Every structure is written in C-alpha cells, then in structure tokens.
Amino acid sequence: MKKYGFFKKLICLGMIFSLTFIGLSGCGQKKTELVNVSYDATREFYKEYNRLFEDYWYGKTGEKVEVIQSHGGSGKQALEVANGLGADVVTLALEGDVNVIRDEGLIDDGYINDYSDDSSPYTSTIVFLVRKGNPKNIKDWDDLLNDGVKVITPNPKTSGGARWNFLAAWYYFKKQGQTEEQVQASVTRLYRNVAVLDSGARGSSTTFAENGQGDVLIAWENEAFFALQEYPGEYEIVVPSASVLCQPTVAKVDEVTQMNGTEELADAYLSFLYTDDAQRLEAQNFYRPVNKDIQKEYEASSDSRNIKEILSDGKWIVKDIDMADIGYFGGWEAATQKFFSDGGIFDKIYD
C-alpha cells in the first residue's frame, strides 16, 4: 500500500527500477495502483467490484489498474487516513467518518455532492441475526432488554456500523413515545446486555457466528444475509419494525489523488459504482442499490420479518421497514456531537 513519498523497488531481469505509485505485471509492464480504504462489511463486495472495474478500465483505456483494499472498523479507518494512510478513495460506513478526513484538509468541502444520492451508491439497514429456532424469541428491539439475552454489537467509538446500530435502537424507542430520558434508559439497558463489544462489524459477526457467543447479533443487513449463506440452517434473520437507512459514503481523497495523479481514475472508480452492472453486484452482495428499478428486481414477494433462508430467486429485500435517515437526528455532525463525542451519551451509557 502506498503512502506519501513512498517508492516501491522492484527487481526485473537483474535491474533495479524505482517506481512511484506503480507496480509490475510481468517485466516492464506498467500497472497503476489505486488504494480504497473501506470498512469491515464490504470485503466480499469490493473483492468482486474491483475485478469488474479493473476489466472495465482496461477495456476503456488500455491501462492496467490494481485496486488495493484496506478494511477495518469505519471510525478507525477514517482516523488512519486522517493520520496519513495513503488512500486514493474512501468507501466508509457513514458520512461522519468521511468528515473526519475532510476536517484534516485531505478531502475538499462539498464532497457529499460529488456523486448522486449524497455520494452513497448503495444503502443498508440494521437487522438482528439469531440462532436457529430463535430460542430467545427475539422479535423487536424491546426483546434485547430482557434479562438473560446476550447481545453482540461493535463499539460505536471505532465502528461506523455500530453507530448505525445505536441510532436504530434510539429511533425505535423514541417511536414508542418515550421521552429522551426514557430512551436513554432503554438504550442503557440494551448495552448492559452486550456480551462482547468488538472494534468492527466483521469482528462482531465472527464473535457471534464462528465463536458461538451471544444470543443475538445486531448487524448490517448484508452481514446477516452472508451468515445465512455461509451457515445454512444455523441462523435466522429477524427484521425489526423500525431501523435506520444506513448510507455508506464514498469520496476521493483529493490531496492524495492530486499528489498521485490518480484524480481521473479515482473519479471513474467511484462513478462506476452507479452503473447498472455495479448496482446489480451490490444487490447480489446484499446491499440495497440506489437505482430504484434495479432494487425492485431484488425485492422479496413476502413481507415476513423472520427469514430462515435465502430464496433461490435471489429476491431478499424486505420493503416494509420504518427507517429513519440521519436527518432525523439532525445530520451527522449533530449526531456525532450528541451521541458519540467524548463525554457524549454513549460514553455516559457505557460508563
């Protein structure tokens, strides 16, 4: 992975070449590198998407490109880039994490308008993953407060997905008519039931599915469906009555692309996420495409909130969910200040 001022040294036919931001595919054949710093839950999608884009770019320009991926908790990834990790593009879990990089002067103001749908080419929501037979009878957020229920969710201090989890719970209890004080008490009870607070969404999935800890995983929709796919018959998805519209956000890291000369490539990489081929690939990886016509192709005919298997027709999107967007919370800057800043509501709850 490249960083500012970093030169890769490669040996080919006994000669040493010093190269900046390029690799070799065979001797002497230039390959441009593009670094995408992303979050935990996108690993499978970007593995496939990068191949799709690399083929597209070569066919269009004759230039070979290699996309290098970095994954981790979204908040932690944002801090890494802000502190100098050389990303050409970021594809993070939420706008608030991209703002951390913008505030360091690495991303231009107004990036949210660079691409359609607030620079969010796909969306998701928050669901529950439970064990076969749903032994704790989990149906909605209230049930996560019950004695004896062990909850798995990542840490909102390091994980963007965890922040969506927190806000989804807050929205649900608010919709029940609770006051701010009552909502905070309810969410506090929920976090008292958290058995493991991992640093990222994928870590929480591993804790629940592979390590066998907990009764319910609060999860990205795509993480839950991947568990059904990977462990057929072992898990079920419970779709709560209320959740949030998760909008993962993409952006060029302007300072890096200008330094690397990758501005056009980075722009093409992010724009390609909105093409029909990419939108269908997003849906096949259990993200909700922003193209409404393509999203309809994957909408389930059943409105069941208890999903035990992935249907053979590939239709998986549950339509009837009350989802709040970040505007409900006043936008990411207001939500971060209120809930996730040092001394904010999450710190008070967790303390």
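Helices (H or I, at least four residues) and strands (E, at least two) are DSSP runs, numbered from the N terminus. The model is predicted: local features need pLDDT of at least 70, side-chain atom pairs count only at pLDDT 80 or more, and totals for chains, interfaces and linings use all residues. Residues are numbered from 1 along each chain as its sequence is written, and side-chain values use heavy atoms, with hydrogens and water left out.

Asp 140 is placed in the loop between β8 (126-131) and β9 (151-152). Asp 140 is buried but forms no salt bridge. Buried means under 20% relative accessible area, exposed over 50%, and partly exposed in between (1.4 Å probe, protein chains only). A salt bridge is a side-chain nitrogen of Lys or Arg within 4 Å of a carboxyl oxygen of Asp or Glu. The nearest side chain of opposite charge, Arg 305, is 6.9 Å away. Lys and Arg count as positive and Asp and Glu as negative; His and the chain ends are not counted. Neighbours within four places in sequence aside, Asp 140 is in contact (heavy atoms within 4.5 Å) with Phe 128, Tyr 172, Pro 240 and Ser 241.

Helix α5 spans residues 160-175. Its 16 residues reach 23 Å from first C-alpha to last, close to the expected 22 Å. The expected span is 1.5 Å times one less than the number of residues. Of the 16 residues, 14 are buried. Just after α5, Gly 177 takes a positive phi of about 90°.

The largest nonpolar core has 69 residues. Such a core is a set of buried Ala, Val, Leu, Ile, Met, Phe, Trp, Tyr and Cys residues joined through side-chain atoms within 4.5 Å. Helix α5 gives the largest share of this core, nine residues. Phe 166 is among the residues with the most contacts inside the core. Beyond its neighbours within four places in sequence, Phe 166 touches Val 187, Tyr 191, Phe 339, Phe 340, Ile 345, Phe 346 and Ile 349. A second, separate core of 26 residues includes Val 127 and Ile 294.

The structure holds 14 salt bridges. One joins Arg 102 to Glu 333 (3.1 Å, N to O). These partners sit in α3 (residues 95-102) and α13 (residues 332-340), 231 residues apart. Glu 333 is exposed, at 52% relative accessible area. Glu 221 and Arg 288 meet in another salt bridge (2.8 Å, N to O). Glu 221 lies in α8 (residues 221-230) and Arg 288 in β15 (residues 288-289), so the pair ties together parts 67 residues apart in sequence. Glu 221 is buried at 2% relative accessibility, and Arg 288 is buried at 4%.
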